[in-house]
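Me: I have just opened this one and would like a short tour. Could we begin with the side chains?

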Amino acid sequence: MWTQRIKTGLVTTTAAASLLLLAACGPSPSPAESSSAPPSSSTPSASSTSASPSATASTTLSQSPTPTTTSAPPAAVGQCKAASLTAATDATGGGAAGSVYEKLILTNSGTAPCIVEGFAGVSLTADANGEPIGEPATRETTTPVTKIELAPGKSAWAEIRYTQAGNYGDCTKVPAAGLRIYPPNDTASLFVAEQHDACSNAGIKLLTVTAFQAV
């Protein structure tokens, strides 16, 4: 009976040992089965980090420099020419010792300002279209030359002295219908009707003129 129990115990022990051996030799669990699932990625998506094209364009436009505009400089004021002037004389200045003093007045009849500077050319002439008679006016330099800007309708004046032709015994008298006036730095002329005796022979100077002054 003891012999039978010992055999039964050996069988049971042997079976248990066999099961343990099989469990030890069996396949080990894979890493995928033994580890937990990896955490989800926290990297932001491309759509959340990159700026949209419209936002980029808006930023570029807002950063573009504002163009600056410059006004053109004002045009330089030119010399007064005969075409935009009128001429007149004022003989209220009187006279002395066979001479007559009068003002020569140039007025800007144009639409833009212009400059009068210096001396006019003045001669006696037979008519509005005739050639000068005798010597032109001599410049009287006691009056300084100044630059005078004439707005439309404004005037400048110079003084003319006319010496009577009868003061010169060798004068060949010729009647003059008026004065031919050349504005400073101009080759065109104006005419002022004013009767005088002129000397047609050279060398006799009946006229003097000063530089223009502001009125």
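Reply: The charged end of Lys103 sits over the ring of Trp157, 4.5 Å from the ring centre; such a charge is NZ of Lys or CZ of Arg within 6 Å of the ring centre and within 35 degrees of the ring normal. Please note that this is a predicted model, in which local features need pLDDT of at least 70 and side-chain atom pairs count only at pLDDT 80 or more, while totals for chains, interfaces and linings use all residues. Residues are numbered from 1 along each chain as its sequence is written, and side-chain values use heavy atoms, with hydrogens and water left out.

Me: How many aromatic pairs does the structure hold?

Reply: The structure holds zero aromatic pairs, a pair being rings of Phe, Tyr and Trp (its six-membered ring) whose centres lie within 6.5 Å.

Me: On to disulfides, then. What does the count come to?

Reply: The count comes to two disulfides, where a disulfide is a pair of cysteine sulfur atoms within 2.5 Å. Counting bonded cysteines along the chain, the pattern is 1-2, 3-4.

Me: Which cysteine does Cys80 join?

Reply: Cys80 is joined to Cys114, with an S to S distance of 2.0 Å. Cys80 lies in the loop between helix 4 (53-63) and strand 1 (85-90) and Cys114 in strand 4, so the pair ties together parts that are 34 residues apart in sequence. Helices (H or I, at least four residues) and strands (E, at least two) are DSSP runs, numbered from the N terminus. The torsion about the S-S bond is about 90 degrees, so this disulfide is right-handed.

Me: Is Cys80 buried or exposed?

Reply: Cys80 is buried, with a relative accessible area of 2%. Buried means under 20% relative accessible area, exposed over 50%, and partly exposed in between (1.4 Å probe, protein chains only). Cys114 is buried as well, at 5%.

Me: And what about Cys171 and Cys199?

Reply: Their sulfur atoms are 1.9 Å apart and form a disulfide. Cys171 lies in the loop between strand 9 and strand 10 and Cys199 in strand 11, so the pair ties together parts that are 28 residues apart in sequence. The link of Cys171 and Cys199 is left-handed, with -110 degrees about the S-S bond.

Me: Changing topic: how many residues has the largest nonpolar core?

Reply: That core has 32 residues, and those with the most contacts inside it include Val122, Leu124 and Phe212. A nonpolar core is a set of buried Ala, Val, Leu, Ile, Met, Phe, Trp, Tyr and Cys residues joined through side-chain atoms within 4.5 Å.

Conventions: Phe/Tyr/Trp six-rings, centres within 6.5 Å; stacked < 30°, edge-to-face > 60°.
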